[in-house]
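Subject: Model handover

Hello,

Here is the model we spoke about. Please load it and keep it open while you read the notes below.

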Amino acid sequence: MLRCLYHWHRPVLSCRWNRLCLLKQYLFTMKLQSPEFQSLFTEGLKNLTELFVKENHELRIAGGAVRDLLNGVKPQDVDFATTATPTQMKEMFQSAGIRMINNKGEKHGTITARLHEENFEITTLRIDVTTDGRHAEVEFTTDWHKDAERRDLTINSMFLGFDGTLFDYFNGYEDLKNKKVRFVGHAKQRIQEDYLRILRYFRFYGRIVDKPGDHDAETLEAIAENAKGLAGISGERIWVELKKILVGNHVNHLIHLIYDLDVAPYIGLPANASLEEFDKVSKNVEGFSPKPMTLLASLFKVQDDVTKLDLRLKIAKEEKNLGLFIVKNRKDLIKATDSSDPLKPYQDFIIDSREPDATTRVCELLKYQGEHCLLKEMQQWSIPPFPPVITSLCSLSK
């Protein structure tokens with residue numbers, strides 16, 4: 001068991017520098033000691049690690065989970081990497097009587113094993129043989145450095161052994177400490193392997209960096225040169241990343257950057273966006289956790305902009321309806337300044353619409369407009385979800 005230490009509520013890392021120069025490959029290792037790391041050791045994980053040791057296959061924690069643990073956060077999802085091939089894993093699990101589920105990832109080297117009511121997603125170390133900007137043909141390897149080399153960002157390219165040893169080939173830990181987001185190797189090459197990495201760069205920038213504005217010139221140039229590659233990426237994948245950007249930090253900076261680097265037209269955003277309106281709304285919603293569409297709607301001038309976004313990104317019906325509602329009503333459905341009850345127009349709208357999500361949409365519009373006092377009144381008024389008298393009126397009017 002590793003000893004758990006705390007310093008200013010952050011995990012203490014018992015570090016030992018070990019820089020090995022082998023064929024120009026640099027490895028930085030150190031020991032992680034934290035309660036978050038120890039909390040991962042469930043019965044299922046203990047049995048899994050014991051099995052891999054018994055069969056002489058290496059197994060490590062990979063990717064985002066390592067980044068979270070180094071930041072003192074228990075990861076929600078933990079991915080594992082191994083030197084064992086999918087065939088070897090299947091034989092090993094079958095011999096041990098371990099159930100395997102969801103074989104869709106097997107072609108790319110991923111096997112999901114279920115132990116003690118837990119799922120463990122384990123992927124064989126890989127090399128990208130060919131890429132087309134969307135998909136990759138992979139080849140399995142036992143070289144941890146080569147697998148790390150094919151990953152997108154340095155902060156996502158680290159591995160963690162079960163004795164707490166961190167394996168870091170590309171200074172990911174140093175970048176994490178310095179709040180810096182960098183591509184592994186050359187930005188242009190990493191982006192051309194998968195153009196979605198442009199949006200992943202923006203997403204992790206909003207998650208990692210303390211203050212906006214510090215970008216590597218080569219990275220920005222690579223993004224601008226390859227932005228058109230996003231035109232070939234599916235709308236669903238783009239929308240997943242864009243939503244995470246919109247709920248992260250530095251949204252104003254990142255959306256302006258998306259326009260400055262000419263990324264916007266390839267991800268469904270309008271070319272003639274209202275960036276002044278966006279600047280105003282991004283200030284209005286600070287601290288009020290708006291839905292992604294609430295903030296995005298400020299870029300749209302007409303409802304057709306929402307429809308075009310939906311055609312490109314295939315957004316959910318509720319998201320589309322929220323966008324259409326905000327664009328249509330942001331000017332008309334405003335508080336009456338000479339009224340003694342400025343909340344009444346919004347309440348009347350909810351009663352008239354009789355749609356189950358009408359209250360949610362009105363609350364998002366109030367966030368959009370910066371009407372924070374009215375928002376608090378509306379949230380009290382609409383629990384649960386209307387006062388009984390309003391429910392009765394709605395029933396009678398049907």
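Y201 and F202 are both buried. Their ring centres lie 5.9 Å apart, with the planes at 65 degrees. An angle over 60 degrees counts as edge-to-face, so that is the label for the pair of Y201 and F202. Bear in mind that this is a predicted model.

The aromatic count comes to eleven pairs. One of them joins F80 and F120. Their centres are 5.9 Å apart and their planes 55 degrees apart, which makes the pair tilted. F80 belongs to strand 7 and F120 to strand 10. The two are 40 residues apart, and the pair links distant parts of the chain. Both F80 and F120 are buried. They also belong to a cluster: ring pairs link F37, F41, F80, F120 and F162.

Next, a charge over rings. Which rings does the charged end of R60 sit over? One is the ring of W144, with the charged end 4.0 Å from its centre. Another is the ring of F167, at 3.6 Å from the ring centre.

Now helix 2. It covers residues 43–54, twelve in number. From first C-alpha to last, helix 2 reaches 16 Å, close to the 16 Å expected at 1.5 Å a residue. Its buried residues are G44, L45, L48, T49, L51 and F52. Why do the buried residues of helix 2 line one face? Seen down the helix axis, they fall within an arc of 160 degrees, so they share that face.

What do the buried residues of helix 2 pack against? The partners are these:

- strand 6 (59–62) and strand 7 (79–82)
- helix 4 (86–95)
- strand 9 (110–115) and strand 10 (118–124)

Strand 7 and strand 10 are also where F80 and F120 sit. After helix 2 comes N56, with a positive phi near 60 degrees.

Last, the cysteines. The structure holds zero disulfides. Is C363 buried or exposed? At 10% relative accessibility, C363 counts as buried. C373 has 62% relative accessibility and therefore counts as exposed.

Best wishes

Technical notes. Residues numbered from 1 in each chain as written. Predicted model: local features only at pLDDT ≥ 70, side-chain atom pairs only at ≥ 80, totals over all residues. Heavy atoms only, no water. Helix = DSSP H or I, 4+ residues; strand = E, 2+ residues; numbered from the N terminus. Expected span 1.5 Å × (residues − 1). Buried < 20%, exposed > 50% of the residue type's maximum accessible area, 1.4 Å probe, protein only. Arc of directions from axis to C-beta. Contact = heavy atoms within 4.5 Å. Phe/Tyr/Trp six-rings, centres within 6.5 Å; stacked < 30°, edge-to-face > 60°. Lys NZ or Arg CZ within 6 Å of the ring centre and 35° of its normal. Disulfide = S-S within 2.5 Å.
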